[in-house]
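Here's a quick briefing for anyone meeting this structure for the first time. Have a look at the model, then read on.

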Amino acid sequence: MLLEALSHEFMRNALYAGLLASATCGVIGALVVVNRLAFLSGGIAHAAYGGVGMAFFFGFSPLLGTLGFSLAAALVMAGITLRSKGRSDTVVGVLWAAGMAAGVIFADLTPGYPADLMSYLFGSILTVGHEDLWVMGTMCAGVLFVAVFWHNDLLALSYDPDFARLRGVPVTFLHFLLLCMIALAVVMLVRVVGLILIVAFLTIPPYMAEQWTSSLARVMALSALLCAVFTVTGLAVSYALNLTSGASIILVAAAAFFADLAVARLRQNA
Amino acid sequence: MDAGLPASRTTVPEHRAFCKATMAEDKPAIELDRVSFSFNGRNVLENVSLTVNQRDFLAVIGPNGGGKTTLIKVMAGLLKPQQGTVRVRGEKPADAARHIGYMPQDLHLEKDFPITVMDVALMGRMTHHRLFHGRYTREDKKAAAEALERLEILDLADQRVGRLSGGQRQRLFIARALAGDPKILLLDEPTSSVDPEGQTRLYRLLKELNETMTIVVVSHDLMVLSSYVTSVACVARHVHHHDSAEITEGMLEDAYHCPVEIIAHGVPHRVFRTHTYEKEPE
């Protein structure tokens, strides 16, 4: 059945897109979880919705719209969170709400409600085209490059920024870079699982991986693997049962997450 | 400043490099000149001038909230004072960062963080000579392992940091500070969760390191310290610097307003001049 599914080009593209997103999310998600940036990623993701609305209104590529909006949101949040990690919640919340509201207003103003807007909310992995794959591939390569070359710097930054700064790690630069990478990952994930579910995809696999391994690199690799497994399984389920693909992927991830929790709890009691 | 130098013998940059190298050896390890630091409108440090000579062993004592941690962060270059100048071996703290081994006080870092003991020790090997640290070199790993060995936690190298006890974690952060081969060690309460025996071992190690390094320690363990340090600074907004390890009553009153408690504690090493002790037995 799986082979039959893969005979369709859109299914093959969906699989490639899912795998590229998995590699990216594994790396970014690990950094999001260890830096406690889940809420902030949610903020960036939803601010991106404003970009989608704007892209429809002005008639440019939604990918460009989300990219621009997410990057802008990321830069603003990076500036705010750099000094005081604790007090950033409010601003993130404001950007979150304002971004989404802007998206809705732009959609209102666009003549003829674009049906496609919904797909950016819930994902449309089955409509990923060749061009999207190239863009995603490039971003994925960029994220992997940064993660490998600055690996220990990112580790030090995440663990003890004061010490990292003292040792000459470009903390400010990397902090901005990290949030921009989150924004990039968000833009990619918009296509795969949709905005609503991005936070779950960036947090579930690394959270699970964090319990199992003791180094950041391994958490990255393991969560990428988990993302890939969830994507493939979710796609298969959605194909077999004719369900929405993005939601299926996330439900598979959530099921695994709760199973993992249950097993851990049982082991604790035993 | 090189105006009078004949250019034929040494080129100016060479001469400067030479000067800088010799200067760094002669300069005091740390020099604070009329430094003031305020946070949220509150003066934490006020007009502090302090010189720490090379191979000094300085204890920083004082009441909680008196500015001990701020002082050591200013020395490290982590905080920039609003007024005054800080020089580390004659340079700005940021430029001298490679010579500084710093151990922060607050180590309630994420317990779940997926990081091993070795990972943390290796952090001490980072330098800004390298644009990025994708991989550490073999020397880095050797130096980190040696630092862990010195603190007797090399056998824990592959353990997750979250599994360590408080004392082990403090030793790890001292090892991290040592791994970079610093000339100056800045330790912010290195023994707060170490048992008394461990403290003695630790101070013995510091004494040994003191033969080649300048050491600044923030501590409450006045009694233990007094037999190791060469000078004491009491921080309570102002800094009173004393060029000997001897702790006088005036200092204590300044710093703690409670000489009684200190004396009452059963003194393991003599910290007061005998006559002071006898005159004011209270």
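Let's start with one spot: the side chains of B:Arg176 and A:Asp160 are joined by a polar contact of 2.7 Å. A polar contact here is a pair of N or O atoms within 3.5 Å; within protein, one must be able to donate a hydrogen and the other to accept it, and residues adjacent in sequence count only if both atoms are side-chain atoms.

Before going further, some ground rules. This is a predicted model, where local features need pLDDT of at least 70 and side-chain atom pairs count only at pLDDT 80 or more, while totals for chains, interfaces and linings use all residues. Residues are numbered from 1 along each chain as its sequence is written, chains are lettered from A and ligands numbered from 1 in the order in which they are written, and side-chain values use heavy atoms, with hydrogens and water left out.

**Around B:Arg176**

- B:Arg176 sits in helix H5 of chain B; helices (H or I, at least four residues) and strands (E, at least two) are DSSP runs, numbered from the N terminus.
- Its relative accessibility is 0%, so B:Arg176 counts as buried. Buried means under 20% relative accessible area, exposed over 50%, and partly exposed in between (1.4 Å probe, protein chains only).
- Leaving aside neighbours within four places in sequence, B:Arg176 is in contact with residues of chain A, A:Asp160 and A:Phe163, and with residues of chain B, including B:Pro104, B:Val120 and B:Met123. Contact means heavy atoms within 4.5 Å.
- B:Arg125 is 51 residues away from B:Arg176 in sequence, yet their C-alpha atoms are 8.0 Å apart in space.

**Where the two chains meet**

- The contact takes in 33 residues of chain B and 26 residues of chain A.
- Between them, chain B and chain A bury about 2,700 Å², with 60% of it on carbon and sulfur atoms. Buried area is the accessible area (1.4 Å probe) that two parts lose on being put together, summed over both.
- Seven residue pairs are in polar contact across the interface of chain B and chain A (both at pLDDT 80 or more).
- On chain B, helix H2 (68–76), strand E5 (100–103), helix H3 (117–123) and helix H5 (166–179) each supply at least two residues of the side that touches chain A.
- H3(B) gives the largest share of that side, three residues.
- The side of chain B that touches chain A divides into 18 nonpolar, seven polar and eight charged residues. Ala, Val, Leu, Ile, Met, Phe, Trp, Tyr, Cys and Pro count as nonpolar, Asp, Glu, Lys and Arg as charged, and the others, Gly among them, as polar.

**Salt bridges**

- Over all chains, the count comes to eight salt bridges, and two are between chain B and chain A. A salt bridge is a side-chain nitrogen of Lys or Arg within 4 Å of a carboxyl oxygen of Asp or Glu.
- B:Lys73 and A:Asp162 meet in a salt bridge through their side chains (3.7 Å, N to O). This pair crosses between chains, from helix H2 of chain B to helix H9 (residues 161–166) of chain A.
- B:Lys73 counts as partly exposed, at 22% relative accessibility, and A:Asp162 also counts as partly exposed, at 31%.
- Within chain B, the side chains of B:Arg125 and B:Asp140 meet in a salt bridge (3.0 Å, N to O). The pair links distant parts of the chain, 15 residues apart: B:Arg125 is in the loop between H3 and helix H4 (138–150), and B:Asp140 is in helix H4.
- Are B:Arg125 and B:Asp140 buried or exposed? Both are buried.
- B:Glu152, B:Glu197 and B:Arg201 are joined into one network by salt bridges that share partners.
- B:Arg34 forms a salt bridge with B:Asp33, with the closest N and O atoms 3.0 Å apart. B:Arg34 counts as exposed at 52% relative accessibility, whereas B:Asp33 counts as partly exposed at 31%.

**Aromatic pairs**

- The structure holds eleven aromatic pairs over all chains. Rings of Phe, Tyr and Trp (its six-membered ring) pair if their centres lie within 6.5 Å; planes under 30 degrees apart count as stacked, over 60 as edge-to-face and the rest as tilted.
- A:Tyr159 and B:Phe173 form a stacked pair, 6.4 Å centre to centre with 10 degrees between the planes.
- That pair joins two chains, because A:Tyr159 lies in helix H8 (residues 151–159) of chain A and B:Phe173 in helix H5 of chain B.
- A:Tyr159 and B:Phe173 are both buried.

**Chain B overall**

- Chain B has ten helices and nine strands, and 50% of its 282 residues count as buried.
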